[in-house]
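I opened my notebook and started with the side chains. My entries below follow the order in which I looked things up.

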Amino acid sequence: MTYAGEASPGEAFEAVRTDPDAVIVDVRTRAELAYVGFPDLSSTGKQLVAVEWQVFPTGQQNPRFVEDLAANGVTPDRAVYFLCRSGSRSRFAAIAATAAGFDRAYNISHGFEGPVAPTGHRGEQAGWKADGLPWRQS
């Protein structure tokens, strides 16, 4: 494995709640955060860090991803839990962070919304929302 490993949404939330240095980095686009929603970490006393893995609206990989992490106070000595819609982009982000010296870069399995359910909707089977963790929309 080329990153520290997988964490369930609940494990990531618990880590942020109990580890003063742990952080969740949402790598979805600004548009996704605005329209779909995002984790509400207010009960942990922390804020979600948002750093796009792919830049909106082009979809190109963010060439400043690691620099943007640093600009948001995310340093290699912290446990970093990466989140996206389904766990795919966040996995690539964890791999890139590990290559940049982050030894504790985790992918949040199933992401914020998880896979598409038989109903054709996300957020019903797995992921942050389906697990009943706190979230909100702007």
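By about how many helical turns are Glu14 and Arg17 separated? I found them three residues apart in helix H1 (residues 9-18), so about one helical turn lies between Glu14 and Arg17. Helices here are DSSP runs of H or I with at least four residues, strands are runs of E with at least two, and both are numbered from the N terminus.

Before going on, I noted that this is a predicted model, in which local features need pLDDT of at least 70, side-chain atom pairs count only at pLDDT 80 or more, and totals for chains, interfaces and linings use all residues. Residues are numbered from 1 along each chain as its sequence is written, and side-chain values use heavy atoms, with hydrogens and water left out.

**Entry: salt bridges**

I counted six salt bridges in the structure. The term means a side-chain nitrogen of Lys or Arg within 4 Å of a carboxyl oxygen of Asp or Glu. One of them joins Glu14 and Arg17, at 2.7 Å from N to O. I then checked how open this pair is. Glu14 is partly exposed at 35% relative accessible area, and Arg17 is partly exposed at 46%. For these words, buried is under 20%, exposed is over 50% and partly exposed is in between, with a 1.4 Å probe and protein chains only.

Next I looked at Glu32 and Arg89. Their side chains form a salt bridge of 2.8 Å, N to O. Glu32 is in helix H2 (residues 30-36) and Arg89 is in helix H4 (residues 89-99), so this pair ties together parts 57 residues apart in sequence. Glu32 is buried, with a relative accessible area of 15%. Arg89 counts as buried, at 15% relative accessibility.

I also noted Asp68 and Arg64, whose salt bridge has an N to O distance of 3.6 Å. Asp68 is partly exposed at 22%, and Arg64 is partly exposed at 47%.

I looked up Lys46, in the loop between strand E3 (38-39) and strand E4 (49-50). Beyond neighbours within four places in sequence, Lys46 is in contact with residues including Val16, Asp19 and Leu41. Contact means heavy atoms within 4.5 Å.

**Entry: aromatic rings**

I searched the whole structure and got five aromatic pairs. Rings of Phe, Tyr and Trp (its six-membered ring) pair if their centres lie within 6.5 Å; planes under 30 degrees apart are stacked, over 60 edge-to-face, and the rest tilted. Tyr81 and Tyr106 have ring centres 4.8 Å apart and planes at 10°, so they are stacked. Tyr81 is in strand E5 (residues 80-83) and Tyr106 in strand E6 (residues 105-108), so the pair ties together parts 25 residues apart in sequence. Tyr81 is buried at 9%.

Phe112 and Trp135 are edge-to-face, 5.8 Å centre to centre with 85° between the planes. Phe112 lies in the loop between E6 and strand E7 (135-136), and Trp135 lies in E7, so parts 23 residues apart in sequence are tied together. I checked both for burial. Phe112 is buried at 0%, whereas Trp135 is partly exposed at 33%. Arg28 lies over the face of Phe112, 4.4 Å from the ring centre. A charge sits over a ring if NZ of Lys or CZ of Arg is within 6 Å of the ring centre and within 35 degrees of the ring normal. I also saw ring pairs linking Trp53, Phe65 and Phe82 into a cluster.
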